[in-house]
Amino acid sequence: MIINAVADTWFLVLRDLRVRIRMPMFIAMSLFQPVLWLVLFTQIFKSLGNMPGLGGSSYLQFFAPGVVVMTVLFGSAFAGFGMLMDIDMGILSKMLATPVTRVSIITGRITATVMVLIIQALIVFIIAVIMGVHLATGVPGMLFALFLAALLGLGFAAFSNGLALLLRRQETVMVITNFYTMPLMFLSSMMMPGAVLPGWLNTARHFNPVDYAIVGVRDLVLTGYVWSDLWRSVVVLSGWAAAGVAFGMLMFRARAE
Amino acid sequence: MSVIATYRLTKVFPGGVRAVDGVDFEVNAGEIFGFLGPNGAGKTTTIKMLNTLIRPTLGTATVAGFDVVKNPSEVRKRIGYVAQDVGVDEHATGRENLTLYGHFYRLDSKIIKQRVKEIFELVGLTGSEDRMVSTYSGGMRKRLDIAMGLIHQPDILFLDEPTVGLDPQTRIHIWDYIRNLTKTVGVTIFLTTHYMEEADRLANRIAIIDFGKIMVMGTPDELKRSIGGDVVALSPCVDKDDECKEFIRRTESVLSGRPFVIGTKAADSELAVYVNDGESAIPNIMQLLSSQGIEVKTISMARPSLDDVFLKYTGHTIRAQEGTRTTFAQILRKRNKRQ
């Protein structure tokens, strides 16, 4: 049974990845935004480079980890649209009439999304390094950062799939996704260090899984292995991933079968 | 031997809609069994209960020897499902679509390869295996869709409205493929349709379903014979207004009960009169009606068709209720097909 689930998940991951590889435009477009943030946005705040909260580094150095996390957030929060397409096209119900292991329909989608996100985050890292960002912990630290990003993406990808199964309409899912992604981005230390944020915002960010990813990734890029932050990021993001997967599975049970 | 058997199969949706209301029927091995009814009659709901996609509220169904509720995974191994929506992946090739399904049915890669070749031949898609499905025409997609339900050599193939949305020429092609399947593969086919002609041409036996209930069941010939000799259709008016209805009602009252009339059935703008011998009945009818001052605008005579059968057992024509919700994806898909 488990072997079947793993095999089915793999076949569905391949199906998903194949689609993406065939749309190189899509990959290029999804990388265009992060590059825009890295190149243009950091120019706007360039003069902040000497601000004490930034740790004496350039704004690019400070902001690059945020762009990695942002790429993952937006990539995963819209992951449910693939599921919606499958529902609308009748692909999902056709699959459910076969002996395919039920769980693999959702694990396949989530796995493929997370795999793509890791690659995208890696590319953002590489671009950042080319632009002059120094990685304090080197390649091992970057792999750790990708792990944190993957946990965040796993949670949001599963959550988005659950949302798609619950609501079943492109329009509604689109509105809700737009509704929560932007606030999650702003209610964090993505653009400014927590110390200089207004008090209420600095408190609010502690309830935002996105911020735990930013803090962790930024430590690894700017400072080093700050374990007091990192262990908290690992725990919170693991919890977030587990909650997202639980929600996705629950919705699949409730709405697809 | 029956491969599908239902006992008081019922589905009540939240809100109390009885989509399927206690249907009993058996499908024999090797036959094409047609479920004929208008949109919303309960056809798709029945198919979804039989292929384990939704659970019956009441009653039981056995498919390929297994109960659909107690043993759904055994049922799934033995059936193929071709839904009304063409559930093929546009961003993959035909071969990739088929291969994925082969894996779902736990077939060996070697066997899948061989089956893909055979099935593409069977549905007439040889040569298009490695083209993206997005370049397929509507008819090709439907044939691929059917092929995906056959990769594991199922005992039963469920076809839900197999030719809906296809042009007449493609429809006739698909009919040929479906008819061929029972002969070459020996698969039993359970088919739903709201096209009379489709049921008439394809099905060995038909069940007419309306408002979730089976109204009548039999071979197309049996059903037509049950109506009598000929059908004389006459219309005393052109517009479908109240005046017209009144005309039809009066016409019906004049004709019913006459010795040469077996029965009558009123529809929107015409009256069907079932008679033993149409040729001799027409002059009688005309004479009777003109003596009552009823002017007949058109009159025609035909052998009974399934339309007449449908009208007789349901009291309305099948054309009455059309129009379903169209999703954005369906619009997109239609647009893609046209290109």
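## About the model

This is a predicted model, in which local features need pLDDT of at least 70, side-chain atom pairs count only at pLDDT 80 or more, and totals for chains, interfaces and linings use all residues. Residues are numbered from 1 along each chain as its sequence is written, while chains are lettered from A and ligands numbered from 1 in the order in which they are written.

## Helix H1 of chain A

Helices here are DSSP runs (H or I, at least four residues), numbered from the N terminus. H1(A) covers residues 2-21, and its end C-alpha atoms lie 28 Å apart. Its buried residues (20 or more other C-beta atoms, placed from the backbone, within 10 Å of their own) are A:Asp8, A:Thr9, A:Leu12, A:Val13, A:Arg15 and A:Asp16. Seen down the axis, they fall within an arc of 160 degrees, taken from the directions from the helix axis to the C-beta atoms, so they line one face of H1(A).

On the face turned away sit A:Ile3 and A:Ile21, both exposed (12 or fewer such atoms).

## A loop residue in chain B

Let's turn to B:Gly124, found in the loop between helix H4 (109-122) and helix H5 (138-148) of chain B. B:Gly124 is partly exposed, with 16 other C-beta atoms within 10 Å, a count between the buried and exposed cut-offs.

Beyond its neighbours within four places in sequence, B:Gly124 is in contact (C-beta atoms, placed from the backbone, within 7 Å) with B:Arg143 and B:Tyr177. The C-alpha atoms of B:Gly124 and B:Glu222 are separated by 34 Å.

Technical notes:
Helices (H or I, at least four residues) and strands (E, at least two) are DSSP runs, numbered from the N terminus. The expected span of a helix is 1.5 Å times one less than its number of residues. Two residues are in contact if their C-beta atoms, placed from the backbone, lie within 7 Å.
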